[in-house]
Amino acid sequence: MTNCNTPFITCVDLGGTKLAIANIADGEIIKSHTVPIDASLSKDDFNAFLLNNLTPFVTKACRGICIGVPGLVESDSGFVIEVLNIKHWQNVALKTLLEGRFARPVLVHNDANCFTYGIYKSKDYQRYENLVGVTLGTGLGAGLILNGRLYTGKQSAAGEFGSFPYLDGIIEDYCSSQFFKKQGLDGAATYQQAQAGDSHALALFTELGKHLGHALVQVVQAFNPEKVVFGGAIAKSAPLFIDALQQTLLKQLPQSVYNALQIHYTQDTNTALFGAYQLFLDEVATGE
């Protein structure tokens, strides 16, 4: 049982459209909050927005902060290099900013790495030493667990296959909410139409699954994971595109590779927050 004096980690999942914050103690969320973000804010205004939302969470019992950012970050320095979907929030010394304000240790990671680590540390996936986590939402992010370790690369960009060239753009253009926006559609509304049996909406999700399948072929061929796990806002529509994705993989992968691969999805919206919690425990708390 937790109380107001129980030590906790303040965990943050910053996405392209929302900010989720949770205080987590002993593997349980004891306080949480989610707010939409204004991606058009200036750099200073976005910093102020972030600090104002964090302040009620960082109380005396807070041991530290771990934040997942949807872009390129240098985890060692906690410096945010680039965030594609928050256009003015670039080149931010985030670790320095948060530690200066809250006087707590801060860990900065890519949000897809937080999601992937949350998957890996969950009881359903702990026995898998090689997996890929994929977040489908405003953009497409991905993280890698290789031989039982989170592999991030120099700028937490390892596995970010959403930026690979594809057709007339990049993979993210065809495998995230951008796929619907390119056609002047709203993804959530299209999902509702598909749920109601609209043939055009259903065909769009089949097309989305094919694009995802083409994208995953490259990742599976490169890393040969045991599992690929999808999450994010679009994961709730997985039943509408998973068959097309699987069929595309079946056509393009060697049979033995396809047979050894499992595709799963999760609709748990807190996976990245729990991943941030575990990353803080493993990377920061053990050295305290």
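**Exercise 1. Which residues of α1 are buried?**

Solution. The structure is a predicted model.
Step 1: Locate the helix. Helix α1 covers residues 43-54, which amounts to 12 residues. From its first C-alpha to its last it reaches 17 Å, close to the 16 Å expected at 1.5 Å a residue.
Step 2: Apply the cut-off, under which a residue is buried when its relative accessible area is under 20%. In α1, the residues that qualify are Phe46, Asn47, Phe49, Leu50, Leu51, Asn53 and Leu54.
Step 3: Identify the surroundings. These buried residues of α1 pack against the strands β1 (8-14), β2 (18-25), β3 (28-36), β4 (62-69) and β7 (92-93), and against helix α2.

**Exercise 2. Determine how many salt bridges there are, and describe each pair.**

Solution. Side chains of opposite charge can pair when their charged atoms come close. The criterion is a side-chain nitrogen of Lys or Arg within 4 Å of a carboxyl oxygen of Asp or Glu. By this rule, there are three salt bridges.
Step 1: Asp13 and Lys18 meet through their side chains, with an N to O distance of 3.6 Å. Asp13 is buried at a relative accessible area of 10%, whereas Lys18 is partly exposed at 32%.
Step 2: Lys95 and Glu99 form a salt bridge at 2.8 Å, N to O. Both belong to helix α2 (residues 94-102) and are four residues apart, so about one helical turn separates them. Lys95 is partly exposed, with 22% relative accessibility, and Glu99 is likewise partly exposed, with 28%.
Step 3: Asp282 and Lys121 are joined at 3.4 Å, N to O. This pair links distant parts of the chain, for Asp282 lies in helix α9 (residues 271-283) and Lys121 in helix α3 (residues 111-121), 161 residues apart. Asp282 is partly exposed at 32% relative accessibility, and Lys121 is partly exposed at 29%.

**Exercise 3. State where Asp26 is found, and whether Asp26 is buried or exposed.**

Solution.
Step 1: Asp26 is placed in the loop between β2 and β3.
Step 2: Its relative accessibility is 61%, and Asp26 therefore counts as exposed.
Step 3: The backbone deserves a remark. Asp26 has a positive phi of about 50°, although it is not a glycine.

**Exercise 4. Describe the phi value and the setting of Asn147.**

Solution.
Step 1: The phi of Asn147 is positive, near 50°, in a residue other than glycine.
Step 2: Asn147 occupies the loop between β10 (140-146) and β11 (149-151).
Step 3: With 62% relative accessibility, Asn147 counts as exposed.

Key: Residues numbered from 1 in each chain as written. Predicted model: local features only at pLDDT ≥ 70, side-chain atom pairs only at ≥ 80, totals over all residues. Heavy atoms only, no water. Buried < 20%, exposed > 50% of the residue type's maximum accessible area, 1.4 Å probe, protein only. Helix = DSSP H or I, 4+ residues; strand = E, 2+ residues; numbered from the N terminus. Expected span 1.5 Å × (residues − 1). Contact = heavy atoms within 4.5 Å.
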